[in-house]
Structures are given as C-alpha cells and as structure tokens.
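Dear colleague,

Please find below the structure that I promised to hand over. My notes on it follow, and I would be glad if you read them with the model open beside you.

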Amino acid sequence: MALRQVRIYGDEKLKKVCRPVQMMTPRTKMLIRDMLDTMYDLNGVGLAAPQVGVLKRIVVIDIGDEHGAYVLINPEILETSGEQTGQEGCLSLPGQAGMVTRPNYVKVKALDEDMNEIVIEGEELLARAICHECDHLEGIMYVEKVEGELFEVTDEPEEDEEA
Ligand code: NI
C-alpha cells in the first residue's frame, strides 16, 4: 500500500487542465493503485489524479455501495438530467464543506484500467461524485460552485463525503 500526498486547495496543480491518458503503463497502473489506497485511507468517496499532483485524466470513485471502486480514465460526460442540491466536500479542502447543485443523473463514458471503453450511469451521490471528479480534471474545485459559505465539518468518517 502506497499513499500519496494530497494537494491542498490553492496548489497550482489543482488549477490545471489535465492531459488524456494515451496508453496504460506500469507507472500509470501504480498511480491508480496509489490513488485508491489514498482515497480509502482518507475515507474519501473519490480522488482525481491532479489531487496527487499528476496532471492526467484519471479519477477513482467509491461511494461505498456494492459496486466498489470505479476507475475512470479520460472520462467524458455524455448526458445529465435532473438536479440535486447537497453537501459536498473535497480531500483537498479537509474539514470543510458547502452546498452544491449538481445533476441528479449522469451518464459518463470512460476507459477502464485495461483501456476498454465503459459507460456508467449514476444517480444521486454517484452522479455528484462523477461531476466533482471530472471538474478536478478541468482544474475546477467545488468551492467555485458553492452556494453560500463554506462551513466546518466535524471529523466523522462515516458521514464524510469528501472527494
Ligand atoms: Ni475533490
């Protein structure tokens, strides 16, 4: 298990547009494993490569359902519908949260770890996580979309939805 250091809001890497992954390499495979380890270690529901300082279009998500981990490479949102407004946090801004409106349904196309195309449909938390992580790949943090003020959240891993 290898943990990577998560960049904190304000870090230049979090403001960059990430590059597509062209081919899978042992180095990229290791990055993905480390991203999963880091996300689980911090009780996050998602993590994007730029959050560990790598400007590649890779995100990992696990909302704690029976599916387990999603690895999305070069994700591309194909379709959205509906709306949800709820609390959102980010591992790059620990201890804080804010209210963000997102689509309630998202359909996303991506490549998996074997570079095979996959299509995933998500609602509610999964839709929120997909949107949040895809934003990271464009250099966008959720704080730019927060309605009202950020607020402090207590350290209760069970209820955290940090991505
Ligand atoms: Ni985040």
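**Strand pairing and what surrounds it**

In strand β6, the bridge partner of Ile77 is Val108. This is a predicted model, in which local features need pLDDT of at least 70, side-chain atom pairs count only at pLDDT 80 or more, and totals for chains, interfaces and linings use all residues. Residues are numbered from 1 along each chain as its sequence is written, and side-chain values use heavy atoms, with hydrogens and water left out.

Two strands are taken to pair if DSSP finds at least two bridges between them. Helices (H or I, at least four residues) and strands (E, at least two) are DSSP runs, numbered from the N terminus.

Taken as a whole, the protein chain has 2 helices and 8 strands, and their order along the sequence is α-β-β-β-β-β-β-β-α-β. The C-alpha trace spans about 40 × 35 × 30 Å along its principal axes. The radius of gyration is 14 Å, which agrees with the value near 15 Å that a compact globule of 163 residues would have; this radius is taken over C-alpha atoms, and the globule rule is 2.2 Å times the number of residues to the power 0.38. Of the 163 residues, 49% are buried, where buried means under 20% relative accessible area, exposed over 50%, and partly exposed in between (1.4 Å probe, protein chains only). Among contacts (heavy atoms within 4.5 Å) between residues at least 6 apart in sequence, 68% join residues at least 24 apart.

Asn74 lies in strand β3, and, leaving aside neighbours within four places in sequence, Asn74 is in contact with Pro20, Val21, Arg57, Lys109, Ala110 and Leu111. A polar atom of the Asn74 side chain lies 2.8 Å from the backbone nitrogen of Val21. The C-alpha atom of Asn74 is separated by 9.7 Å from that of Met115, although the two residues are 41 apart along the chain.

Met115 itself is found in the loop between β6 and β7 (117-123), and counts as partly exposed because its relative accessibility is 22%. Most residues other than glycine have a negative phi. Met115, however, has a positive phi near 65 degrees, and Glu124, which is placed in helix α2, has a positive phi near 50 degrees.

Glu133, in helix α2 (residues 124-137), is buried yet has no salt bridge, and the nearest side chain of opposite charge, Arg102, is 8.4 Å away. A salt bridge here is a side-chain nitrogen of Lys or Arg within 4 Å of a carboxyl oxygen of Asp or Glu; Lys and Arg count as positive and Asp and Glu as negative, while His and the chain ends are not counted. A polar atom of the Glu133 side chain does lie 3.3 Å from the backbone nitrogen of Ala48. Asp34, in helix α1 (residues 26-41), is buried too, with a relative accessible area of 8%, and, neighbours within four places in sequence aside, Asp34 is in contact with Ala2 and Arg4.

Technical notes: Polar contact = N/O pair within 3.5 Å; in protein donor to acceptor, adjacent residues only side chain to side chain.
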